[in-house]
Amino acid sequence: MTPGAAASPGILTLTHASVHLGDQLALDDVSVNLDQPRIAVIGSNGSGKSTFARLLGGLVTASAGTVSVHGLDPTRQSTEFRRAVGFIFSNPDAQIIMPTVAEDAAFSLRADRLRKAESAARVTAALERFGLADLADRPAHDLSGGQKQLLALCGALIREPRLVIADEPTAYLDARNSRLIADHLLGDASRQLVLVTHDLALAACCDVAVLFEGGRMIASGHPTEIIGRYESSLAC
Amino acid sequence: MLTLYRPGTGWLHRAPAGAKALVILAAVLTVSLLPSTYPFAAIALGSALVAYLVTGFGVAVLARQLVGLRWVILITLGAQLIFLPTEPAVANTSRVVGAVLIASLLVLSTRVVDLLDAFERGLGPLRRVGIDPARVSLVLAITMTTIPVLTRVATSIREAQRARGAGRGIRSFIIPFLVLSLKHADDLGDALTARGAA
């Protein structure tokens, strides 16, 4: 599992993947196989790590190369892909679709066409798990930042995806809420996690880290080693 | 606040959203079509009072709704008093207030999700002419949730203007507001895709 490695059947596989956003080359010829449960993605602002996450999450398409996530092509198998992959953004405001907390959690299940009782039971269980049960009927946009991000997490995880991609999920949060979100994300070994973060302590908790710079993936390996390399590149 | 739903277990809460919407629509139409006289004005407001009592919401919820309608009442009554005699002006305002109060029972007793489901079912026949009811109901839901977000965006722009010593110029407000609104629309589009709705 090294940058530029030949594609083999890993869980997340990028083969010579590039992404253009307008005229700008946001991701430049990335090839990698990642099969670890918790993957940290680090790098400076504008280094390409969010584009990498969005490519894995099927939110942007590769202008060159191929992407395979758990054996699924995000473009050609979009329905199965959406069931398998959950995405959490840094700004929870943009993720809230429905007016109240319970309704927003239930929104994620609409595509599954569940029976009403089953959907309600899953929503109740999910809200309890994320400590939002008492807020079920509150307007979602009146919640605090931490509660909104918990709701966003709840909305993504209620569908029980096999892979969760979190793009700087703690960016707007205080230390306590960051810890809470991190515990939820890192604590469940049953699903794979791709965590884009500037919080190097969080990155250190992962099984592997990848480092981006100038749109290229320049290193991957044990988090301690990769974080050390990143920190040394920051030294004045 | 755009979210008016009040949790409860009464018969109106338990009634199916579609049937409830039709019955309330019929009641609203009936109140709207009453003649513009004092007795019928009393009937319009009395119907609203009875409706709140029999559905279990009570006088306190009715009073809160009335407070929320205070500007509607003032503007409707004030505008009509300029052009009409007192009796039709008061009666028309009473019919409007009665109708809005009765219509509010629908959103007070029904979750938005259930309303959207009923709306989707009701629009089902439009599939034949190429309209997707699920998309129409999704647009309604997004509209409801986007208004508070854009209100917050507007507030933060005004605060930023004040912090930088700028006046309340419309141009210096509109451009960042449009940019941030479009950014929000982009983010929302991504979220809808990520949540399997697009």
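This is a short chat about a predicted model with chains A and B.

Reader: Let's start with the two chains. How many residues of chain A are in contact with chain B?
Author: 23 residues of chain A are in contact with 25 residues of chain B.

Reader: Which helix gives the largest share of chain A's side?
Author: Helix H3 of chain A, residues 101-107. It gives 3 residues.

Reader: And what classes are the residues on that side?
Author: On chain A's side there are 12 nonpolar, 7 polar and 4 charged residues.

Reader: New topic. What's the phi of A:His70?
Author: It is positive, about 55 degrees, and A:His70 is not a glycine. Most residues other than glycine have a negative phi.

Reader: Where is A:His70?
Author: In the loop between strand E4 (64-69) and helix H2 (78-84) of chain A. A:His70 is partly exposed, because 16 other C-beta atoms lie within 10 Å.

Reader: What about phi of A:Glu168?
Author: Phi of A:Glu168 is positive too, near 50 degrees. A:Glu168 sits in the loop between strand E6 (163-167) and helix H6 (175-187) of chain A. With 19 other C-beta atoms within 10 Å, A:Glu168 is partly exposed. The cut-off for buried is 20 or more.

Reader: Back to helices. At what angle do H5(A) and H6(A) cross?
Author: Roughly 10 degrees, and their axes come within 10 Å. So H5(A) is roughly parallel to H6(A), since angles under 35 degrees count that way.

Reader: Which residues make the contact?
Author: From H5(A), A:Gly145, A:Gly146, A:Gln149, A:Leu150 and A:Leu153. From H6(A), A:Asn177, A:Leu180, A:Ile181 and A:His184.

Key
Residues are numbered from 1 along each chain as its sequence is written. Chains are lettered from A and ligands numbered from 1 in the order in which they are written. This is a predicted model: local features need pLDDT of at least 70, side-chain atom pairs count only at pLDDT 80 or more; totals for chains, interfaces and linings use all residues. Two residues are in contact if their C-beta atoms, placed from the backbone, lie within 7 Å. Helices (H or I, at least four residues) and strands (E, at least two) are DSSP runs, numbered from the N terminus. Ala, Val, Leu, Ile, Met, Phe, Trp, Tyr, Cys and Pro count as nonpolar, Asp, Glu, Lys and Arg as charged, and the others, Gly among them, as polar. A residue is buried if 20 or more other C-beta atoms lie within 10 Å of its own, exposed if 12 or fewer, and partly exposed in between; C-beta atoms are placed from the backbone. Axes are lines fitted to C-alpha atoms, for helices over the stretch in contact, and angles run from 0 to 180 degrees between N-to-C directions. Angles under 35 degrees count as roughly parallel, over 145 as roughly antiparallel, 65 to 115 as roughly perpendicular and the rest as oblique.
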